[in-house]
Amino acid sequence: MKSLLKFITCGSVDDGKSTLIGHMLYDAKLLFADQEQALKLDSKIGSRNGAIDYSLLLDGLMAEREQGITIDVAYRYFTTDKRSFIVADTPGHEEYTRNMAVGASFADLAVILVDASLGILVQTRRHARICALMGIRHFVFAINKMDLINYDKEKFLCLEKDIRKLSVELNLEKVKCIPVSATEGDNVTEKSENMPWYDGESLLNYLENIDIETNDEVGFVMPVQRVCRPDRTFRGYQGEVESGIVSVGEEITVLPSGEKALVRALLNGDSKVDTIISGMPVTMQLDREIDISRGCVVVKGTELHVSSMFTATLLWMDDKKLVEGRNFLLKLATQRVPATIMKIKYKVDVNSGNHVPARSIFKNEIAVCDIALAKKTVFDKFASHRVMGEFIMIDRISNMTSACGVIDHSLRRSDNLTWQKTDLDREIRSAKMNQKPMTLWFTGLSGAGKSSLANAVEKILSVRGNYTMLLDGDNVRLGLNKNLGFEEDDRAENIRRIAEVAKLMNDAGLIVLTSFISPYKSDRRNAKEIIGEESFVEIYVSTPLEECEKRDVKGLYKKARKGDIPNFTGINSPYELPENPDIAIDTNNFAIEEAAEYVVKELERYL
Amino acid sequence: MSNAMNYLDVLESEAIYIMREVVSECEKPVMLYSIGKDSSVMLHLALKAFYPEKPPFPFLHVNTTWKFREMIEFRDKRAHDLGIEMLEYINEDGVRQGINPFDHGAAYTDIMKTQALKQALDKYGFTAAFGGGRRDEEKSRAKERIFSFRDSSHGWDPKSQRPEMWKCYNTEIKKGESTRVFPISNWTENDIWQYIRRENIPIVPLYFAAMRPVVEREGNLIMVDDDRMRLLPGEKPQMKMVRFRTLGCYPLSGGVESNATTIDQVIEETLSATESERTSRVIDKDGGASSMEKRKREGYF
């Protein structure tokens, strides 16, 4: 039966990636009639007036067709008499580098297009570098647009020399250069008559015949995906064999514990087998009960690291920049571990390969970092065992896949891994708490239900796993602000201090709830400025005066009416209504729990 | 990959790996089951992936009430024989309003399929739904990740898909959000048929040619499956040797004339086919090349 080759096409914008693949499918009669029809139709509507635009076969998203560019990876499938192929056509724009990397992580071989009239560009180097980083070993440089340079042999040889130099620089293993014209079809599926001086195969023939070597990693490795326990009599460990071979009766070791056991029985899918090999989805039974759960790794005849620190090369993919001290969820094989970037050692200049000192890393940049894991984890160098050396880092708030990386080497505690020049800031502290710090500013009349509501909201947030702090009259007026009275000046100072404290607590990563009458607009505006607009949520508890006075829980309204309390808000001191509160709620209409749930629901927008 | 693995083994292994990851990391998974051949392959893969355990999640069939009768029979028999949990969801609101494929066109698909699916996922609170979508089916599918992230209203944002690296799948979601997972993304129609043959997977008999009552409409052969079928003036059902390349609602599924009554004959026809399979599904023609992407943004599977 036929083998499968997964490859990608990459290179700079307008080097003709989509056109090349489109032409290959078209020439090799690998299109369905309706696809061909849609293609001709789209070409007519599009900008190239009638001539077939092969790239339209692959640019599938509306935004791509509108802008005439490739944004995301497209996968295409075709089969020739010799082989089955999956090709990932990747975007050339720098902005979409991460989507290009997605394609690269999936492929065995990369076809990198080079515009013969322009030569090797920064983006060519970037893509070659990322392909190598993601573990691709086979490269074809398709020197495209040969028709535009009159199929000139000398220019081709000159470019080939540059590519050899680049290959040495990037340590690329197997490299082939083929002169092609994607629009004209030279050397795409058949050897071109325009370039008799080229004695190699056409691109398609080369892809059909190239030998992609089998896995040469040492020993048996199987990360455990899950434990299968349909009933008391059966206990099996399920996972995919990543390398090597194991048979019934042989001894295996389970990491991280290091416990050993003999293999009692094996399933490949649902078939009983004696031996399992690389690539199989298996279930393994052992001769005795040992503690194995998801994330453990079964090995034989090889050693992996069980440690909590390593140095890795990252491709940063998030819009948010990377700084030291940031905390992530790291996924490696079947393990998920909280991890911290301890040190950015340097970033790699995509063009020159030079190591550049850096304090922060931006989207699409490559950096070498020291990473500390929250617990002992099983891993290896990417060069030794791919699956045990590749990982992603997930932002704990947005859940975005912020980075992918490959492990260069393990580190020991004695390697003196300390916080370097890092200053912990709000972002780093709050990332550890997995939340966005903010201040929920409850305002309203005395007796409106601010404190009860803030209390109930805090309980819900706490149950959700948030870290919170409630500031109200009881814990602020009696301590920090006990020297302040109720005159307008003192009220302003009271609010200013509360705002400053709330801000400090936000910096500590906490979600702060404040419950104060805060009757003056100017004070609330001041508080918002201190705390920061993006962290300030004004919640107006709008229970009407009559209701508050009716409740009069503390008997304050009665006293105020009698004139015993001067400057009592609502009676003999004004309450200035909020004009645009972020959330408004009249506690008169709800039970307190309902009101709290409503507030939390409204908060979803900000959390 | 070892030499001993051919391309079907590679595809099978990838799908099983993905299914096991979802069950291990997602809170409440479900497998969408449409009764078609892709669903038959998905079910078969699920049986293999967790063997000897039964698939540790329920299956969900969103029924538009216009499916071929043979499909429903097949579904019930499979669920019974295998002892798996098969949920059925019908948008009763749509039924009450009398929504049907003859009068309501695109609105029918939206109400009885897209809306029904969203309602069903919300009703049970599923956080991850396996689907049998393949990237070779259509251009916007060709761009979708295996783990496709949906916001709380089930919408797909094609411009901000999470990068999907190697086999490190990011399954993290927030409350209210969900994931659609496509374990057979990398399979082609031909792979599906080859695998059905190799593994001897039961499929609905409608995939094989038989004499069936059909009418011809706009180049499609539509089967008259029950008396709800509205015949146009002058239309008269004729008996023809017909088989179906894709199955769905019978008034929207175009059959092809064929004599392929065995799996080998079907594969031979498929290999020499000059039209991709979605052309025989009538609904995709509305709105041109981008119609699928539009529907997906709104929550279509």
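Q: What percentage of the 607 residues in chain A is buried?
A: The model is a predicted one. A residue is taken as buried if 20 or more other C-beta atoms lie within 10 Å of its own. In chain A, which has 607 residues, the buried share is 45%.

Q: What is the radius of gyration of chain A?
A: The C-alpha atoms of chain A fill a box of roughly 105 × 70 × 50 Å along the principal axes. A compact globule of 607 residues would have a radius of gyration near 25 Å. For chain A, the value is 32 Å.

Q: Of the contacts in chain A with a separation of 6 or more, what percentage is between residues 24 or more positions apart?
A: Chain A contains 16 helices and 30 strands. Among its contacts with a separation of 6 or more, the share that joins residues 24 or more positions apart is 71%.

Q: How many residues of helix α4 of chain A are buried?
A: Helix α4 (residues 97-106) of chain A is mostly covered. Its buried residues include A:Arg98, A:Asn99, A:Ala104 and A:Phe106. Among the elements that cover them are β1 (4-11), α5 (122-133) and β25 (401-410) of chain A. Of the 10 residues in α4(A), the number buried is 10.

Q: Which strands stand at the edges of the open sheet of chain A, each with a single partner strand?
A: The open sheet has 5 strands in the order β27-β28-β26-β29-β30 of chain A, with parallel pairing. Each edge strand has a single partner strand, so one side of it is left without a neighbour in the sheet. The edge strands are β27 (468-472) and β30 of chain A.

Q: Which residue of β30(A) stands opposite A:Tyr540?
A: Strand β29 (residues 536-541) of chain A has 6 of its 6 residues buried. With strand β26 (residues 439-443) of chain A, β29(A) pairs in the parallel sense over 5 bridges, and there A:Thr443 has A:Tyr540 as its bridge partner. Strand β30 (residues 583-585) of chain A is joined to β29(A) by 3 bridges. In β30(A), the residue opposite A:Tyr540 is A:Ala584.

Q: Which residues of β29(A) point the other way from A:Phe536, A:Glu538 and A:Tyr540?
A: In a regular strand the side chains alternate between the two faces of the sheet. From β29(A), A:Phe536, A:Glu538 and A:Tyr540 point one way, and these residues are buried. The residues that point the other way, also buried, are A:Val537, A:Ile539 and A:Val541.

Q: At about what angle to β30(A) does helix α16 of chain A run?
A: Helix α13 (residues 521-531) of chain A lies across β26 and β29 of chain A, at about 175° to β26(A). Helix α16 (residues 592-603) of chain A lies across β29 and β30 of chain A. Its angle to β30(A) is about 165°.

Q: Which residue of β9(B) is the bridge partner of B:Val214?
A: In chain B, 4 strands close into an antiparallel barrel in the order β7-β8-β10-β9. Strand β7 (residues 210-217) of chain B and strand β9 (residues 238-244) of chain B pair over 5 bridges. In β9(B), the partner of B:Val214 is B:Gln238.

Note on methods. Residues are numbered from 1 along each chain as its sequence is written. Chains are lettered from A and ligands numbered from 1 in the order in which they are written. This is a predicted model: local features need pLDDT of at least 70, side-chain atom pairs count only at pLDDT 80 or more; totals for chains, interfaces and linings use all residues. A residue is buried if 20 or more other C-beta atoms lie within 10 Å of its own, exposed if 12 or fewer, and partly exposed in between; C-beta atoms are placed from the backbone. Helices (H or I, at least four residues) and strands (E, at least two) are DSSP runs, numbered from the N terminus. Two strands pair if DSSP finds at least two bridges between them. The radius of gyration is taken over C-alpha atoms; the globule rule is 2.2 Å times the number of residues to the power 0.38. Two residues are in contact if their C-beta atoms, placed from the backbone, lie within 7 Å. Axes are lines fitted to C-alpha atoms, for helices over the stretch in contact, and angles run from 0 to 180 degrees between N-to-C directions.
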